[in-house]
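Please find my notes on this model below, as numbered points. They begin with the overall make-up and then turn to one element.

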Amino acid sequence: MLAARSAALFVVAALFEIGGAWLVWQGVREHRGWLWIGAGVIALGIYGFVATLQPDAEFGRVLAAYGGVFVAGSIAWGMVADGYRPDRWDVIGALVCLAGMAVIMYVPRSR
């Protein structure tokens, strides 16, 4: 159950971080304005809060593992929001990152 909660929190965090960064990108690079930038900054702040809800108390472990989710989530976001078409190497790289995330977060550890 803790792994499912953790995975769900990673997905929510990715939505806020990637979405926030995308909003800032749209505001600046696509000239959509300060409203988009402000919404992005708020979303990025929410991401920071969501990351603290992980059941694991080790900041370094959580953020390192989240990196794998961020990589895969960014590719997925680009596909949905911008029509990006990843090649097989993008997909393989994202899967490697997700495998690394699973090793970092979910392998049994002796304490």
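1. The protein has four helices and zero strands, in the order α-α-α-α from the N terminus. Helices (H or I, at least four residues) and strands (E, at least two) are DSSP runs, numbered from the N terminus.

2. This is a predicted model, in which local features need pLDDT of at least 70 and side-chain atom pairs count only at pLDDT 80 or more, while totals for chains, interfaces and linings use all residues. Residues are numbered from 1 along each chain as its sequence is written, and side-chain values use heavy atoms, with hydrogens and water left out.

3. The C-alpha trace spans about 50 × 35 × 20 Å along its principal axes. Of the 111 residues, 28% count as buried (under 20% relative accessible area, 1.4 Å probe, protein chains only).

4. Contact means heavy atoms within 4.5 Å. Among contacts between residues at least 6 apart in sequence, 65% join residues at least 24 apart.

5. His31 follows H1 and has a positive phi, near 55 degrees.

6. The buried residues of H1 are Ser6, Leu9, Phe10, Ala13, Ala14, Glu17, Ile18, Gly19, Gly20, Gln26 and Gly27. Their cover includes helix H2 (34–51), helix H3 (59–82) and helix H4 (88–106).

Key:
Buried < 20%, exposed > 50% of the residue type's maximum accessible area, 1.4 Å probe, protein only.
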